[in-house]
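Here is a quick tour of a structure, written for someone who likes to check things against the coordinates. Have a look at the model first.

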Amino acid sequence: MEAEQIEIAGFLRQYPPFSRLPEQTVNYVATQIEISYYRADTDVYCFGDEIHDLCVVRSGSVEIYRRNGKLYNRLSEGDLFGQLGMLMGNRVRLPARTMEDSLIYFIPETVFTELCDQFDEFAYFVEMDDNGGLSHAVSSKKDSNDLLGSKVTKLISREPVTIDAGSTIRQAAQKMTQESVSSLLIMEEVADVEDSGDIRRALAGILTDRDLRTRVVATGADLDGSVTDVMTRNPVTLDDDAYAFEALLTMLRFNLHHLPILENRRPIGVLATSDIVRYESQNSLYMGGTILRQSSVEELARVATEVKSCFVRMVHEDANSHMIGSAMSVIGRAFKQRLLELAEEQLGKPPVPYCFLALGSMARDEQLVVTDQDNALILDNSYDREQHGEYFEGLAKFVSDGLDACGYTYCTGLIMATNPRWRKTRREWEECFSEWIDNPDPEALLNSSIFFDLDGVYGKTEWAEQLNAFVVRRCGQSPRFLACLARNALNRTPPLGFFKGFVMEQDGKHRKSINLKRRGTAPLADLVRVHALAVGSTARNSFERLDDIIKAGILPADRGTDLRDALEFISMVRIRHQALELEAGNEPDNNIEPDNISDFERRNLKEAFMVLSNAQRFLKFRYPFTRK
Amino acid sequence: MADLNTLAVSDWSALFREQSLICEDERLQLFYAAGCPAADTPLSEVPFVALDFETTGLNADVDEIVSIGLVPFDLQRIRVREAKHWLLKPRQELHEQSVVIHGITHSDVDDAPDLNAVLGPLLEALSGRVVVAHYRYIEREFLDANVQRRIGEGVQFPIVDTMELEAALYRKRFTVFCSKLMGRKPTSIRLADSRARYGLPHYASHDALVDAIATAELLQAQIRHRYSDDTPIKELWI
């Protein structure tokens, strides 16, 4: 005899995830529950308690705590709790305590499991928690890293010291001595283009202690000459909304020691390396500079051994994946730049201008320690194989061998400038990319996903930007190509069985493991690339692409931030895993064994993979095939 | 038949033992043989069953039970999964009035079984448990009288009356006197009003099962607020 539970079913039906279940299912659930009454301020579950029910607040209110006693969430009528414990070995992770007299419905584990098995949406709902445990996991990480994640304005200790462009070198030096600063900003009056006719003071250049040494003392310049003759004109600057880590990376990338910070084009301070080094105590900051000072491949190879400890340090300093990926990419770029300089010293000046390209993860600023070299060459249109071919073959070989010596192994897919296929003139590259976009066969798609993330590291780097803009423009005009690229982005799926758990791979020695790159970050980057090309974003970093994608509004609400959190989380698990392996003296890889990571990481990984899985599903609908 | 509602039973266990030996009906024998919790049993260890009837009227001697709802529970959990709900065909026509009250109509009960047919599973569900009802006169007197009419012997059991527990709190003579003096209406001890005082939700529907669940929730709340886990059951049952 079936007891119809109209009252309970009617209640459940008002709230998700039950509101999305079929009526008869909710009716069934209603007959299976247990009920209990709790007075205010009573523990429903303590940390570590065994739990075998999904709980629904029927009336009253319940507070959920973190293990450390901090309030995690406050629940009221219709809210769920206990799902985390149910998904994590039936142990309560987040204690629950009533705030008011409360009536709680308990849905037994057997029913919970049935619902999860039968209803994707139900599973997803309980997996994702009420307010995204994943974003909690990521944001708590951010908090702990308050330095590098803070704005540059926080690091500025004083107003900038400035001098008028009409001053002499002597006056400039005197002012620097008076103010005891190591850099001076030179201001000039310019006509404000936007406000017709108005004159404003703008930054013209920067003069540093080092400039006084190298450009004044060493050259015996006239101290009464104009300061503008010895200053660095149009210096690299950052806007005041930049983050400290961006400042760090900018300084690394351009090998700067002083970085003016602008607010509405007006300098508000100068950031010196020492401002950052105070926090970035270890010398990962100087890595880039050190690389550029080495004078042979052998010396570079010696420096390269420190890259790994630099990586481990950043992990310990709680840098986020964007910072670490960018720093490792900057370091990788520095190796390429120095190797190219050394190559030119050995082979002579290039016969025609060229641009050396980094591809893939380095171009996306997402490089880690385990990486091979993906690179290519753009040659001037005047390039003639007969005449110049030998030079560039030699140049490519020098760099490629040098990179290998520095730990960036040869690319097994031969995506290297040493491969004559990947040394093309600007015109040839455009033709090649057009061909891939017009005829997206499997090989073209595979190549697209590598070559479309390109970054100029040396030479005519503006060509790389132009080529990138060309690709973005062409892709935007080709829905068919985007549809194909979208399909291609689904080739690698997250390692999730139908909700139940991780699907492990049995490859060689890595038994029962998950490849976080192949099953996580790579498909995420693929997916983000498709959206980025669709919205015309020229960014290459996945996080920056996501910013553009979110701004364009093509994703359902919150999906963009979910993707960002998922990418950050999977990346960080991968990064921490590699750091641990390095510290243990092992060769780092991308394979983790879910049994060996914490419950916290395992659960959030699952959520992150769930986000990826859903986003892949969305991709299919967003970029349908259209017959043309 | 002893009037259990006026005559306090001092030793329910002894009464159950005695009844199990003298009663004729096998179902009753089993019910009594299962015994009832000892009078000193702490509340935290008492198995309860909330019971609610819908009837054709208010006179147990002539009126009949048309539906039964029950749900087993203890201080920790109310087990809806083990709840039972029967519609019964009364031996007497349904009054228009009672149809209005509980909404059970002739056509609803035409194909329903007689109480006698469900007595086995009903008593089994009550076996070894302390019955809980809101306003005990209905559940205890009706079951006793209806069973008596069918098999010639009645059924007796201790009961916790959630309405009585509320009355003890709100209807003490002095309080009532003061309230009257002040011109206030006496505090309602109807099920819905009693529940509201404990922050329990309002249930719109009123079948026997919903009311049984509502009663179980109310007792949990009353015990949580006014008694302790260690209070012996004898302080509550009648």
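## Ground rules

This is a predicted model, so to speak of local features takes a pLDDT of at least 70 and side-chain atom pairs count only at pLDDT 80 or more, while totals for chains, interfaces and linings use all residues. Residues are numbered from 1 along each chain as its sequence is written, chains are lettered from A and ligands numbered from 1 in the order in which they are written, and side-chain values use heavy atoms, with hydrogens and water left out.

## The sheet in chain A

Chain A has an open, antiparallel sheet of four strands in the order S2-S7-S4-S5. Strands here are DSSP E runs of at least two residues, and helices are H or I runs of at least four, both numbered from the N terminus; two strands pair if DSSP finds at least two bridges between them. At the edges sit S2 (43-45) and S5 (71-76), each pairing on one side only. On average, neighbouring strands are turned by 25° against each other, direction ignored.

Zooming in on one pair, S4 (residues 61-65) of chain A runs antiparallel to S5(A), with five bridges joining them. Across that pairing, A:Tyr65 stands opposite A:Leu71.

Two packed helices are described by the angle between their axes and the distance between the axes. Axes are lines fitted to C-alpha atoms, for helices over the stretch in contact, and angles run from 0 to 180 degrees between N-to-C directions.

H21 (residues 559-583) and H22 (residues 599-622) of chain A pack at about 135°, their axes 9 Å apart. H21(A) and H22(A) are therefore oblique to each other, oblique being what is left once under 35 degrees (roughly parallel), over 145 (roughly antiparallel) and 65 to 115 (roughly perpendicular) are taken out. Residues in this contact (heavy atoms within 4.5 Å) include A:Phe569 and A:Val573 of H21(A) and A:Leu605 and A:Ala608 of H22(A).

H13 (residues 321-347) of chain A also packs on H21(A), at about 60° and with the axes 9 Å apart. That pair is therefore oblique. Here A:Ser321, A:His322 and A:Ile324 of H13(A) meet A:Glu568, A:Ser571, A:Met572 and A:Ile575 of H21(A).

## Where chains A and B meet

In chain B, 27 residues are in contact with 24 residues of chain A. The two chains bury about 2200 Å² between them, 50% of it on carbon and sulfur atoms; buried area is the accessible area (1.4 Å probe) that two parts lose on being put together, summed over both. B:Arg77, B:Val80 and B:Arg81 supply 30% of the area that chain B buries against chain A, more than any other three residues.
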